[in-house]
Amino acid sequence: MAKPLDPKKIESARQFSSRAERREQRRKLMQDEIAENQRSNGVIVISPKKLQEVQQECPKLRVAAYCRVSTQEEEQVGSFDMQVRHFTQRIESNPDWELVEIYQDEGISATTVKKRFGFQKMIADAVDGKIDLILTKSISRFGRNIVDILDNLNVLSALNPPVSVEFETEHITYTGDGKNNLLIVLLSALAEMESQQKSEAIKAGIRWRMAEGIYKFSVQNTLGFYRDHFGRLVIEPTEARIVEYIYESCLEGGTPSEIAAALTEQGIKSPMGNDSWSAGTVRSILRNEKYCGDTLMQKTYTKDFRTHKSVKNTDLNMYFKENHHTAIIKKEDWLKVQKLLSERHTSPHKAKLRFLSNRFVAHRVKDGLFKGYLILDSRWSPAERQEFMKIVDDTQDNTK
């Protein structure tokens, strides 16, 4: 009698058979799929040379960079040049990048974007679709006002396609996808705090120099004075004649409006270089204590470090120093003029204003590359040129 089969072995043989059948079915399906793909040419083999040709056809990324320093100091100028050179080399060395432009703002504060014309042009070009990626040294170079930073980043991320910004120092690339938003906000806040601290430190240094009487006030738009290359305050003789004429005319009974009209008629430039004079300009010269050798410091101050707007000082201490520098107008004459202006003096017979003996005025450049040089007017007559050279010789003799 035959031995009966083990039920477990029977079940195991059935399972093995079913697995083998399933493997065979999968193999047949795969073979059928391969055969179908070969018939339809669905797969294309790309050689390495062909792949390079395809990659070369892809458009390059249009990359720009933004460089900024806040002052014209020598070390800052070096830093600025290094930034420009670094980003130019970095972009040009990448075969997948195309240099758009290195946008620049040299000697411009970053607390607002109003005066950063290079920055404004970059944003405008990005909006016009000329830029794909912006590189910059750090968030503090991009801006130090948290509102401006975030507003401009939102503008760039809202474009289609969005423009990314890479902050090199922080190793962050802002793409507007929300990944780095919190970190950008925190770093922007720190940049604004740093800007505020620097502003307060600068103000404290200025006030200390004012209290010590060693503060150097600006003479860029002050008639009659200029600073030489050593920073020393020097009287400009030809402009001093105009100041003397203004004070003498006021003492003779002339009003600021009449004096302004006379100066305009003679073709004399205003302190700002305008052809016409206003009564307000004449009045400010008559009120300026610097012409009698004194100086009152901190008449105005910057209330908000973000706007840099100067306001009339009614909150902080002022600092007065008598006989601070060489005077153009005698102290007694200056005081007489102040009394006349305060009393709004009007003479019953208005004095006819006399003109300056010399109708020409030589202007000295007070700032920039040609600081200290005198400007000659081609319309001067030979006699006026001779008188001008005499003034120059006298000035050189007085400064020796």
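This is a predicted model: local features need pLDDT of at least 70, side-chain atom pairs count only at pLDDT 80 or more; totals for chains, interfaces and linings use all residues.
## The chain as a whole

Let's start with the overall picture. The protein chain is made up of 400 residues, and 33% of them count as buried. Its secondary structure comprises twelve helices and 13 strands.

Contacts across the sequence are well represented here: among contacts with a separation of 6 or more, 61% are between residues 24 or more positions apart.

How do the strands pair up? Strands of a sheet pair through backbone hydrogen bonds, either parallel or antiparallel. Strand 1 and strand 2 are parallel and share eight bridges, and arginine 68 sits opposite aspartate 105 of strand 2. Strand 1 (residues 61-69) also runs parallel to strand 3, with four bridges between them. Valine 63 is part of this pairing, and its bridge partner in strand 3 is leucine 133.

## Strand 3, covered on both faces

Which residues of strand 3 lie on each side? In a regular strand the side chains alternate between the two faces of the sheet. In strand 3 (residues 133-136), Leu133 and Leu135 are on one side, while Ile134 and Thr136 are on the other. All four of these residues are buried, so that both faces of the strand are covered.

Strand 3 continues the sheet towards strand 4 (residues 164-167), to which it is joined in parallel by four bridges. Leucine 135 has glutamate 166 of strand 4 as its bridge partner. Keep glutamate 166 in mind, as the salt bridges below return to this residue.

## Helices against the sheet

Helix 7 has 32 residues and spans 47 Å from its first C-alpha to its last, close to the 46 Å expected. Its buried residues are Ile184, Ser188, Ala191, Glu192, Ser195, Ser199, Lys203 and Met210. After the helix comes glycine 213, with a positive phi near 75 degrees.

Where is serine 195? It belongs to helix 7 (residues 181-212). Is serine 195 buried or exposed? Its relative accessibility is 6%, and since the cut-off for buried is under 20%, serine 195 counts as buried.

Serine 195 and glycine 143 are 52 residues apart in sequence, while their C-alpha atoms are 9.7 Å apart.

## Salt bridges

Side chains of opposite charge can pair when their charged atoms come close. How many salt bridges does the model hold? The count comes to twelve. One of them joins the side chains of arginine 90 and glutamate 166, at 2.8 Å from N to O. This pair links distant parts of the chain, with arginine 90 in helix 3 (residues 74-92) and glutamate 166 in strand 4, 76 residues apart. Arginine 90 is partly exposed at 25% relative accessible area, whereas glutamate 166 counts as buried at 16%.

Aspartate 125 and lysine 130 form another salt bridge, at 3.8 Å from N to O. Here aspartate 125 counts as buried, with 9% relative accessibility, and lysine 130 is partly exposed at 43%. Both residues belong to a network of salt bridges that links Glu101, Lys121, Asp125 and Lys130.

Elsewhere, aspartate 275 and lysine 269 meet in a salt bridge at 2.4 Å from N to O. Aspartate 275 is exposed, with a relative accessible area of 52%, and lysine 269 is partly exposed at 32%.

Key. Residues are numbered from 1 along each chain as its sequence is written. Side-chain values use heavy atoms; hydrogens and water are left out. Helices (H or I, at least four residues) and strands (E, at least two) are DSSP runs, numbered from the N terminus. Buried means under 20% relative accessible area, exposed over 50%, partly exposed in between (1.4 Å probe, protein chains only). Two strands pair if DSSP finds at least two bridges between them. The expected span of a helix is 1.5 Å times one less than its number of residues. Contact means heavy atoms within 4.5 Å. A salt bridge is a side-chain nitrogen of Lys or Arg within 4 Å of a carboxyl oxygen of Asp or Glu.
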